[in-house]
Amino acid sequence: MLRLVKMALPFVLFLFLLLMPTAWIPLEGITVVEQRVIALFVLAALCWILEPIPIYATSLLIIVLELLMISNKGLWLFTSGKETDGFGPLLAYSDIMATFASPVIMLFLGGFFLAIAATKYQLDINLARVLLRPFGANPRIVMLGLMLITAVFSMFMSNTATTAMMLSILAPVLAVFPDKDPAKTGFVLAIPVAANLGGIGTPIGTPPNAVALKYLTGEHAISFGQWMGFAVPFMLCLLLLAWFLLGRFFPSRLNRIELNIEGRFLQGLKPWVVYLTFIVTIVLWLLGDLHGMNSYVVALIPVAVFVTTGIITREDLHRISLDVLWLVSGGIALGLALEETGLAERLITHIPFHEYSTLAVLVGACLLALLMANFMSNTATANLLLPLVAALAAGMPELVEWGGAHTLILAVTLSVSLGMSLPISTPPNALAHATGLVESRQMALIGVIMGVVGTLLAMVWIYEVASLGWI
C-alpha cells in the first residue's frame with residue numbers, strides 16, 4: 001500500500017496542479033506556463049524524494065515534459081492560446097535539448113574518461129600504494145593517509161567509484177585488527193566521509209558543484225583553479241576534523257599495523273599516455289588564466305586523446321555513468337524553466353525576505369540544504385534548491401556585505417555536499433554500511449557533527465574568501 005502511494009502521489013499532485021485554475025495559486029499575475037512549471041517542479045521534487053522511479057529517470061521525464069508542455073515546438077494542445085494574455089512565454093525547444101550537451105555535462109564527461117582510464121591502467125591502485133607508504137604503521141596516521149588519498153581521488157573521480165576502490169584496498173588493513181576492535185568501524189567510516197568531503201574540492205568532484213557552476217556566470221564566474229583555491233583548504237579542515245572525531249570515537253587497540261598493497265605501475269605506450277594526459281589535464285585546469293581555455297574546453301582533451309589512441313574502447317564507453325549525466329541535465333533543464341519563464345523571480349519577490357536579516361536568510365538556506373541532502377540525493381537537492389537560491393541571491397543587494405550574490409550559492413552548494421548522516425544520504429555511505437561493520441547510529445554520530453559544524457564553517461569560510469577577493 002505504501003509503495004502504491006509513493007508511486008501515485010507525485011503524478012496525482014502533478015495533474016492536480018496542472019489542471020487547477022490559476023486563480024487558486026496565491027501568486028498575483030501568474031501565467032499558464034508558470035503554472036505548468038510549478039507542476040513540473042513538484043513532480044520532480046516528489047519523485048526525487050520518494051523515488052517511485054529512478055532519480056535519473058525523473059530527470060529525463062522532466063526534460064521530455066518541458067519539451068511537450070512549455071517549449072515553442074511542444075504538443076499543440078499545450079501551445080494553443082499562446083498569443084492570449086496571461087499565457088506566458090514559451091521556451092525554445094533547442095535550449096531545453098541543449099541541457100544534454102551543456103558545458104557542465106562536458107566537464108563531467110571529461111572526468112569520467114579520466115576515471116575510467118585511471119582504473120583500467122591501475123593508476124588509482126598504484127597511486128594509493130605509493131602514497132600510503134610514507135604514513136608508516138601507526139593506525140591513526142594510516143587512517144589519515146587513507147582519508148587524504150580517498151579525498152584526492154574523489155576530487156577527480158566519482159565519489160562512489162572512489163569509495164568502492166578504497167574499500168577494496170582497505171580489506172588487508174582491516175584484517176590486521178582484532179574482531180571487536182572499534183578501529184575497524186572507524187577505518188570503514190573514514191572512506192565514505194573522505195570521499196564525500198573530497199568531492200567538494202573541484203568542480204567535477206560531485207554533481208552539486210556542477211549544478212552550481214550553471215549559476216556562477218558573468219562577473220561571478222569561477223575557474224577550476226579558483227574553485228580549488230577556496231574549496232581545497234575548506235575540505236582539508238573538515239577532513240582533519242573528521243579524522244579527529246573518528247580517532248576519538250573509534251580508537252584502535254593496536255599501536256602498529258603492517259600494510260601490504262600489491263601492484264606496480266604498468267609500462268608501455270598506452271599507460272604512459274594515460275599518465276601524461278592525467279597530469280596535463282589537471283595542470284591545464286589549474287592554469288586556466290594563463291592559457292585562456294576554460295575548464296569545460298580542457299575537459300574534452302582527455303576525451304579526444306583516449307578515444308583516438310584506443311585507450312577508451314567501445315566496451316569502456318558502456319561504463320560511463322550516463323545516469324549521473326542525465327540527472328544533472330534534468331536539474332539544469334528545471335532551472336532553465338524556472339528562470340526563463342520568470343517563475344523563480346516571481347516566487348522570490350513574493351517571499352518577504354526583506355523582513356529577515358541577510359545572516360538569517362543565509363543560515364536558513366544552508367540548513368535547509370543540509371537537511372534535504374541527508375534524506376535525498378545530493379544532486380537532486382542541488383537541482384531543486386540552487387535555481388531558487390540563485391534567484392534569491394540576485395534579488396538581495398544586501399549580500400554585497402557578504403562578498404556578493406555568489407556567496408549564497410556557494411555556501412548552499414557546500415552545505416548540500418555535507419549531507420551524509422544516513423546510509424541513504426550518499427552512495428559512499430551506502431557502500432560502507434553494506435560492509436556490515438558500520439551501524440546507522442555510528443554513521444549518524446559522525447555525519448551530524450560534520451554536517452552542522454561544516455555548514456557553519458562553510459558560511460564563515462565563504463565570507464572570508466569573498467572578502468579577500470579570492471572568488
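A residue counts as buried when its relative accessible area is under 20%. In this predicted model, F187 comes in at 2% relative accessibility, so it is buried. F177, at 4%, is buried as well. The rings of F177 and F187 sit with their centres 5.2 Å apart and their planes at 50 degrees, so this is a tilted pair. F177 belongs to the loop between helix 9 and helix 10, while F187 is in helix 10 itself, so the pair ties together parts that are ten residues apart in sequence.

That pair aside, the structure holds six aromatic pairs in total. Another of them is F16 with W24, also tilted because the planes stand at 45 degrees, with the ring centres 6.5 Å apart. Here F16 is partly exposed, at 44% relative accessibility, and W24 is exposed, at 55%. Charges turn up over rings too: R140 lies over the face of W243, 4.5 Å from the ring centre, and K214 has its charged end over the ring of Y215, 5.4 Å from the centre.

Helix 6 gives the most, six residues, and the lining splits into 21 nonpolar, 15 polar and four charged residues.

The second largest pocket holds about 300 Å³. It is lined by 15 residues, and L123, L127, V152, F278 and I282 lie nearest its centre. Helix 7, helix 8 and helix 13 each give two or more residues to this lining. By class, 14 of the residues are nonpolar, none is polar and one is charged.

Notes. Residues are numbered from 1 along each chain as its sequence is written. This is a predicted model: local features need pLDDT of at least 70, side-chain atom pairs count only at pLDDT 80 or more; totals for chains, interfaces and linings use all residues. Side-chain values use heavy atoms; hydrogens and water are left out. Helices (H or I, at least four residues) and strands (E, at least two) are DSSP runs, numbered from the N terminus. Ala, Val, Leu, Ile, Met, Phe, Trp, Tyr, Cys and Pro count as nonpolar, Asp, Glu, Lys and Arg as charged, and the others, Gly among them, as polar. On a 1 Å grid over the protein atoms alone, a cavity is a set of points where a 1.4 Å probe fits but cannot get out, and a pocket is an open set with protein on both sides within 12 Å along at least five of seven lines; lining residues have an atom within 4 Å of a point. Grid points are joined across faces, edges and corners, and a volume is the space filled by probe spheres set on the points. Rings of Phe, Tyr and Trp (its six-membered ring) pair if their centres lie within 6.5 Å; planes under 30 degrees apart count as stacked, over 60 as edge-to-face and the rest as tilted. Buried means under 20% relative accessible area, exposed over 50%, partly exposed in between (1.4 Å probe, protein chains only). A charge sits over a ring if NZ of Lys or CZ of Arg is within 6 Å of the ring centre and within 35 degrees of the ring normal.
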